[in-house]
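Please look at the sequence and the structure shown below, and then read this report alongside them.

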Amino acid sequence: MLFNSYIFIFVFLPITLLGFYLIPKRQNQLLFLLIASIAFYCYWSTRLVFFLLFTVVLDFYIARAIFNSETKFKKRLLLIISICTNLTILGFFKYYNLFADSINSIAAFSGINHGLVPILNLVLPIGISFYTFQSMSYVIDVYRNTSDAHANLLSFAGYVTLFPHQISGPLVRHNKIIPQLENAETYKFQADNFWQGCYFFIFGLSKKILLADLLSLIVAPLVTNMALSSNLEAFLAMIGYTMQLYFDFSGYSDMAVGLGLMMNIKFPQNFNSPYKSTSITDFWRRWHISLSTWLRDYLYISLGGNRDGKFETYRNILLTMTIGGLWHGASWTFVVWGFFNGLMLIVERFFRNRNFVLIKNSGLRWAFTFGLVNIGWVFFRSPDFSTCFLWLKKIFLFNSKLTWDLVSLPERYKDRFFIALGAAIVIAFFSKNTWEIKFKPSITHALILGSLFALCLMYMGDESPFLYFQF
Amino acid sequence: MNALKAIILAGGLTVILLLGVATFNYNIDPMCFYQCEKVELGKTTLNTYYQVAQKIFAHPKAEIVILGSSRGQTTPPLWIEKETGHQTLNLSMGGAELSAKMAFLNIAIEQTKVKKVLWFADYFELLSELADVKIKSTPALRSYLATDQDHSKLSHILSDIIGLIDHNTLEASFYSLEHSSQSQLDQGTGSGLDFDRCQSENYQGEKSNREMEKEIGFSYDTYSRKILRPEQSKKAWIQFVNKLEFLNSKNIDVVIIIPPYNPIFSSRLANQYPEIFARHRKWIDDLKNLKISRIKVVDYFNSIPNDDGTPRYWNDGVHFTCRGAIEMLKHEI
């Protein structure tokens, strides 16, 4: 069920909110929320919900067992069981075919017969990357003694399955959400929070429907037919995708934040105007903040962080970013995207450690950073390396025959694309983000919100899935 | 202003705006979904299904009918009329699948003197036995659809409500207000084609080589990943065969033409998606094995006669030009 669908807005959400506020007793309200979240998942698949529930139950009891264990050895053993089980499920569904395909390619290159490892027809459980990480973080925190096994099964299940962040994040932490789920105030209707929730939800919906979806109408065919695209079209595809991804994903995050607030549950900020960044380090403090901090806290620090010397720090950054790239999808292009970002972070750190500023002008620094981010997204979006290199060749004018036509742009979407692109650029570069705007209740703001919502509902017929659903 | 009042105001405004849009769209009814119980020749509409029906009603003397999807739209009906002396209607319509073709045929049988049907067969016309929501939403056309279509009231009501607030309907309403002239009641798509030019030696097509190459790329992507990917519906095949038998019982001749894809498109499809190609072959064999009298199957799947793969014959990977259409039909009419 998509947030940008009639069934979600007119059936699921009203029923869930009514039940959430009208059912008496906090425990019952939480149970209802859990059932609603499971029903939300079951809309995708009634079979694959088993893996979500299995992860919940496994990690809850392992965390409790770790907390109650006397010996370090036993704690470590339980942690290993949790991590191995979680990563085996995630790895099998998400990465098995990449592994099989890569082995087969190497085998074919070495002259060994084709199809050494069979390719399986696997259906990826939706949201698995998100709920696995969220669930694992609880176990790791209990193991590290940075948290006790504070949750009961109902509140832990409520946290992991919570429908606003279930499919595509933000990657929220147990110590931020579970206390809210256990607080009686959460279950009382609070108009101020509900208003803010409506604001985030409708602005997020607008980002998705009125900007990202209109951009994708042109970007998708251009990327698919990169071999036929002109240099100008390749450039437009790059900048279009850069904007599409931001408005799609930050739109989703805003909607999740809004849905949480409608139920008095506060989620953290996930995007902070990332395209205003003046360095790649700055970019990663502003882009998908919940994932960056998760990777920092649970991967980078686990690898040693910056405690073991400069070389080890660089190695840890590179590993963290490369694995972060792989987390996004089962393709080597994602790995290269992660590696590329890691490399940029290392270069920046190298110069920063020596107090050396490569580009002094802040405008130029911003432009350079934005250019690098764009190049990164080319790897991220390309279905394979041949498309990626062809795309980059056309952007950097390295192809043999330069062309500047716009023949590949579907005529019926052209005008909307350029309007959406212009609006997206202005918003991304110059305006405040949804967290910076103080959207207090007023007649003007109510009129803006009502008009935007009506406009979104009119465009809802062309609903399309969110880009981050595939991760 | 307190938050609760602001929420109520925003919600109220949303409802008022949507009601306003819905009322406006209902009154203009640009797609003929709400106020078109009958096919009327004077009615102005953007509903392409309804427009086709109007053209049938406007030509009660028509004896030859061309049925096709967008691939049949480059066949000039006036050329066939000139060659045969029989009034011809081209009822081809972009996206027309089996249910739409059969609905048009039902109208033609009821309203004209149809004696011969030239049916441009597409693999994808048999993907589903169910009709497109647009034709189901058109009250004047519902009675011409096959009887086993989904006619549940609730689904109609829901799709009507969604249709009323859809931005496409609103844009269509404004467009209708600006272009309120009556629909052209010509002999269908391809009526405006200069068929002498299409047949002349100097004919170069409508696109440049580069444009055609790009279009092949786009159409290949859309067709290979979406349109040609699913298997055909067995129910649709049964409906199709039943309709042919019905036409036979009415003494109507049917020529089923199986057009090819562009040679580049075709070889890419065969190499990259052999399973799709194999399904096409099986479907063609099934067509050729039909044992129904008055039915002739003409297989051009391998190529159009004299096809050089250039814009003279192709607009993109799947759509042939008027020259291609004439080459395929000149021995069959």
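## Confidence in the model

This is a predicted model, and chain A has a mean pLDDT of 92, with 98% of its residues reaching 70 or more. Within chain A, confidence is lowest in α4(A), where the mean is 91, and highest in helix α11 (residues 280-286) of chain A, where the mean is 97. Where pLDDT is low, the predicted coordinates should not be read in detail.

## Two domains in chain A

Chain A is divided into domain 1, which covers residues 6-188, and domain 2, which covers residues 208-470. The C-alpha centres of domain 1 of chain A and domain 2 of chain A lie 25 Å apart, and the contact takes 25 residues from domain 1 of chain A and 24 residues from domain 2 of chain A.

On the side of domain 1 of chain A that touches domain 2 of chain A, at least two residues each are supplied by α1 (6-22), α4 (72-109), α5 (128-143), α7 (163-166) and α8 (174-181) of chain A. Sorted by class, this side of domain 1 of chain A has 14 nonpolar, eight polar and three charged residues.

## Where chain A meets chain B

In the contact between the chains, 28 residues of chain A are in contact with 25 residues of chain B. Both α9 (191-224) and α18 (443-459) of chain A supply at least two residues each to the side of chain A that touches chain B, and α18(A) gives the most, with twelve residues. By class, the side of chain A that touches chain B has 19 nonpolar, eight polar and one charged residues.

Note on methods: Residues numbered from 1 in each chain as written. Chains lettered and ligands numbered in written order. Predicted model: local features only at pLDDT ≥ 70, side-chain atom pairs only at ≥ 80, totals over all residues. Domains from an automatic or database assignment. Contact = placed C-beta atoms within 7 Å. Helix = DSSP H or I, 4+ residues; strand = E, 2+ residues; numbered from the N terminus. Nonpolar A, V, L, I, M, F, W, Y, C, P; charged D, E, K, R; others polar. pLDDT = per-residue confidence, 0-100.
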